Structure formats: C-alpha cells, structure tokens
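Dear colleague,

I am passing on the structure we spoke about, and below it you will find my notes on what turned up. Please read them alongside the model.

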Amino acid sequence: MESVASTVLSAGARETAVRSARRLDRRRMLFWVLPPVAWFSVFMLIPYALLLYTSLGKVEDMRFIPGLSLDNFIRVFTVDPYLGVILKSARIGLMTAVFSAVVAYPLAFFLAFHVRSSRFKFLIYLLVIVPWWASYLVKAYAWKTILGSGGILNVALQKVGLTDEPVRIFLYNEFSVVMTLTYIFTPFAVLSIYAQLERIPTSLIEAARNLGAGGWMIFLRIILPISVPGVVAGSIITFSLAFGDFVAPVLVGGPESVMVSNVVINLLGVAFDWPLAAAIGLVIITLGLLLISASGWLEEKTQTRF
Amino acid sequence: MRAFGNRPLVLALAMAVLGFLYLPILVMMLFSLNDSQYTGLPFNGFTLHWYGEVFADRKLLVSIWNSVYVAAGVVVLSVLFGLPAAIALDRYDFPGKGLFRRIVMLPIVLPGIITGIALLSFYLTVHMRLSLYTIMLGQGTALMCITITEVFARLQQIGRSQTEAAANLGANEWEVFRSVTLPGVRSALAGAMLIAFSISFDEIAVTFLLTGRDNTLPMTLWSMLRREATPEVNAVATLVVLMSIVLIVGGMYFSRGRGVASRES
C-alpha cells in the first residue's frame with residue numbers, strides 16, 4: 001500500500017496517510033488481540049496469581065492465613081511423598097508416551113503408505129477416532145473386566161489350561177495403570193504420527209527405491225527420521241495427559257499407584273491444605289511452561305522441509 | 001508407488017493395533033447386553049433390559065443433556081475467542097506475543113486438576129456459584145488451544161496474499177473476514193469444533209472440581225462406577241458411541257470433500 005501511496009501523494013500528505021493507516025491498523029489489531037488476551041487474563045493469569053497468593057500462606061484450624069513464606073514450596077521438595085509422586089507420575093507419563101508411540105506407529109504407517117483408496121482410508125481414519133467417543137471411564141472399566149481375577153483373560157487362561165488359579169498380577173498395579181493409559185491415548189499418537197507421515201512425498205520413496213534401497217533401508221534412513229516431529233508432538237500430549245490422570249489410578253491402580261492429581265485432590269478435599277496444593281500446582285505449571293518451550297524447540301529442530 | 005515394505009507384516013501389525021483399540025469397546029458393548037446385575041463374567045444371556053433402564057433413568061438422561069449443553073457452550077466460546085486469537089497470532093506482532101502463545105498452550109500440558117484448582121480459587125474469590133456455566137468457562141479455557149492451534153496452522157498455510165489483495169481492493173475488515181479469512185479456515189475450524197465438542201463431552205478432571213449441583217455424564221458415570229457397576233453403564237456408553245458414529249459419518253458426508261480424512265490425503 002505504501003508504494004502506491006508514495007507515487008501519488010506529496011511528502012507531507014504521504015506522512016499523514018501513513019500515520020492514519022498505522023492508526024487504523026492498530027485499531028484493527030486491538031479488535032482481534034484484545035478479546036482473547038482479556039479472556040486468558042481473566043481465566044488464566046488471575047487464577048494463577050491467586051494460586052501464588054494461596055501458596056504463600058498457610059492453613060490453621062481449617063482457616064486460611066495469608067502470608068509470604070516459601071514453606072509450602074520447600075515442603076513440596078522435601079517432605080514425603082510429594083516430590084516422589086511427581087516423579088512417579090512423570091515416569092508413568094513417559095512410559096505411556098513411549099508405549100503409545102510404539103503401538104501407534106504401525107497403524108499410522110499402514111494408513112499413510114498402504115491404504116490407497118480414499119474410501120478405505122476414510123474408514124480406517126474413522127476407526128481410529130471412534131474409540132475417542134466411547135466414555136473414558138467405561139473404557140477404563142472395560143479393562144477391569146478383561147484383566148481382573150474373574151475377568152476374561154483369566155477365564156481364557158484357565159480354559160486353555162495355562163494356569164489353575166486366577167493370575168492377579170494383571171490388575172491393581174502400575175502395569176494396569178500404564179496399560180490403560182496407553183490404550184486411552186494411543187489414538188492421539190496415531191493421528192499425530194500419521195499427519196507427519198502423510199507429508200512425505202511419494203517421489204522421495206521412489207527415488208530411494210530407484211537407487212536400490214530396500215524396504216528397511218527406506219524406513220530407517222528416510223521415513224523414521226522424517227517422522228520424528230510427529231512422534232514428539234504426539235508424545236508431548238500423551239505424556240501430559242497420562243501425567244495428570246487421576247481416573248486410571250483409582251479404577252485399575254493399586255494402593256501404591258497414586259499419582260499427582262490424586263494427591264492434589266486429597267489435599268483439597270480431605271486434608272484441606274489448599275496452600276500446599278497451590279504450591280504443587282505452581283511447580284507443575286512451571287514444568288509445563290518448560291515442556292512447551294522444549295517441545296517447540298525440539299519440533300523445530302527435527303522438522304524436515306520439503 | 002507409495003507402498004513399500006512387507007505388506008502382510010504391515011497389515012498384520014496394523015490390524016493387531018486396531019484389535020487392541022476395539023477389544024475394550026467390544027467388551028463394553030457385549031456386556032451391555034448381559035443379563036446380570038453387574039458388569040463382567042459370567043455372561044448369563046442376552047437382554048435389552050439395561051437399555052430400557054437407561055431411558056427410564058431420569059438422572060442419567062438429564063446428565064447427558066447437561067453434557068451436550070456444556071459441550072455446545074464450550075464450542076461457542078472457543079470459536080468466539082479462539083478464532084480471533086488465531087487471527088491475532090497470525091497477523092500481528094503485539095507486545096507479549098511469545099508469552100501469550102505459551103499461556104494459551106499451557107492447558108494442553110497441564111493436568112486438568114491444576115487448571116481446575118486455579119479456576120476454583122478464582123470462582124471462590126469472586127463468589128461465583130458453581131454450576132454448568134462455571135464448568136463451561138473452565139473447559140472453554142482449557143480447550144480453546146485446540147481451535148487456536150488448528151486455525152493458526154491453516155492461516156499460516158494460506159498465507160497473506162489474498163487478505164492483502166482484498167484489503168487493497170477496498171474491502172473493510174468485516175468483508176475481508178467474511179469472504180476471505182472465514183472460507184479459508186472453515187474446514188480447520190469445523191474440525192477443531194468437533195474435537196472440542198468430543199473432548200468436552202467426556203471431560204473429567206476440570207469438571208470434577210468445578211461441578212455444582214448439576215452433573216455432566218462423566219460425573220454421573222463416575223459415581224455409578226464407584227457404587228455398583230451395572231450393565232446400564234455399558235449401555236449408555238454404547239449408545240454414546242453409536243450416536244457419535246452417526247454424527248461423525250453424517251458430518252463428513254455432509255461436508256464431502258472438506259472432511260478431515262480427505263483434507264489430509
């Protein structure tokens with residue numbers, strides 16, 4: 001716009017025109033920027049500030065007393081079980097992320113490279129997203145019916161004669177928690193890896209084949225490196241969702257599989273220790289911001305441009 | 001040719017994964033038909049009794065309606081505020097943009113419980129009574145990032161030339177929005193709305209803390225599963241899955257050529 005203006009207008013008029021255009025642009029910018037910024041300020045920044053205020057105080061006789069002490073943060077890192085539970089949740093989240101990616105990869109690969117007709121592709125895509133709609137709670141409960149001591153797996157094992165007594169190690173431990181979480185979040189990983197694989201041009205594969213590369217070679221040297229950002233993006237989501245989960249530990253977990261969200265709920269409801277819960281929340285918010293920055297950097301770093 | 005690798009092996013692995021994804025769904029559906037007082041073996045025989053129970057259970061039906069109501073509100077909120085946010089991030093450099101982007105993404109990586117306590121302390125401070133609307137505001141905040149990231153990605157793909165051309169030809173902001181921006185992002189927006197609706201419909205963590213007297217479907221199911229899990233729970237979940245298949249297929253059919261699957265291929 002400026003180049004058009006400069007040929008037509010004199011210097012002084014040009015300056016006013018540019019200034020008024022800038023002012024107009026600024027008004028338009030505020031129109032788009034202000035509502036969302038206002039929303040996130042009211043519903044995120046103010047609540048987080050309140051968490052900070054709460055975390056600096058303490059509770060005595062069920063009453064909140066404001067203060068300016070870092071005691072609660074020190075408690076998070078030094079008193080059992082808080083730091084341990086955060087680390088355990090992170091471990092469960094990591095295992096879930098890895099297993100979901102491993103389970104999801106073959107399906108995403110199949111969808112991206114081996115399904116030719118768009119009708120069949122739509123069907124498989126649909127089959128991946130439909131399990132999303134089944135209630136999380138009922139799906140988790142279904143695993144209980146499968147893995148429990150009177151469950152389908154045990155009955156089948158006994159029928160086949162592999163065992164006489166019900167095997168109890170399938171349920172109410174960390175294995176069943178990780179299994180259930182992996183199951184629930186695998187569709188996210190499939191979609192994220194598939195989106196990345198779909199970007200790979202067919203010509204790249206043909207070129208590799210013409211140069212004499214075999215299937216494994218193409219996979220290891222071309223497909224796998226290119227798919228890394230999709231795996232990372234999916235893993236960030238599956239990790240985060242598993243890390244913050246509190247349903248699986250209650251439904252299929254054992255007494256020792258309590259995770260960080262369960263601890264926070266107990267602090268709020270049972271112990272009525274809001275300041276400590278707020279401190280845990282702020283520690284996790286900080287970790288979350290670090291994770292976002294790290295993931296942005298990692299995806300940028302591993303992305304291939306065609 | 002795009003396909004490479006050992007086709008039978010790839011097919012077998014992919015089918016195994018689909019089997020894993022559907023095993024619990026099939027178990028859930030099968031046991032919704034079980035003529036027994038609780039979910040699980042033994043399988044006593046087929047009955048539709050539990051589907052009848054669902055339609056006779058007023059509390060359950062109300063909670064389904066509540067979930068639809070909340071999810072619809074969340075979708076409206078995430079369009080009203082998420083769409084401008086995506087446009088703002090795409091077009092302008094405003095102070096605090098980097099921070100704004102991170103804040104917006106934060107609810108994706110945070111446990112819902114943390115988002116929940118932050119909002120709960122806010123509601124308590126401003127003396128807001130917990131209701132379906134407090135859930136709506138909470139979920140709306142948490143799920144807005146889906147709309148923002150989807151629409152933002154599409155805007156970046158489209159580029160700016162059309163918007164600038166329209167502006168140079170004298171279109172005002174509203175005309176540019178209505179005839180250039182909106183048509184360009186329509187399918188991304190529709191996809192994001194669908195995802196936001198489905199996640200909101202099944203959301204547990206944020207809702208758990210922000211729920212008042214009225215319960216959403218997951219809250220009702222949660223209390224049913226913790227008391228005694230009758231096959232009624234399976235029946236209602238099966239109905240939701242069947243309804244969702246009808247809705248998804250219908251939606252895709254309706255917007256033929258703009259569906260998610262065809263967009264990506």
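**Findings in chain B**

Helix 10 (residues 217–227) of chain B is largely enclosed by the rest of the structure, because eight of its eleven residues are buried, that is, have 20 or more other C-beta atoms, placed from the backbone, within 10 Å of their own. Among these buried residues are L217(B), P218(B), W222(B) and L225(B). Helices here are DSSP runs (H or I, at least four residues), numbered from the N terminus.

Please bear in mind that this is a predicted model, in which local features need pLDDT of at least 70 and side-chain atom pairs count only at pLDDT 80 or more, while totals for chains, interfaces and linings use all residues. Residues are numbered from 1 along each chain as its sequence is written, and chains are lettered from A and ligands numbered from 1 in the order in which they are written.

As for the two chains, 74 residues of chain B are in contact with 81 residues of chain A, contact meaning C-beta atoms, placed from the backbone, within 7 Å. The largest share of that side of chain B, 14 residues, comes from helix 1 (residues 7–32) of chain B. The side of chain B that touches chain A comprises 53 nonpolar, 14 polar and seven charged residues, where Ala, Val, Leu, Ile, Met, Phe, Trp, Tyr, Cys and Pro count as nonpolar, Asp, Glu, Lys and Arg as charged, and the others, Gly among them, as polar.

With kind regards

Note on methods: Helices (H or I, at least four residues) and strands (E, at least two) are DSSP runs, numbered from the N terminus. A residue is buried if 20 or more other C-beta atoms lie within 10 Å of its own, exposed if 12 or fewer, and partly exposed in between; C-beta atoms are placed from the backbone.
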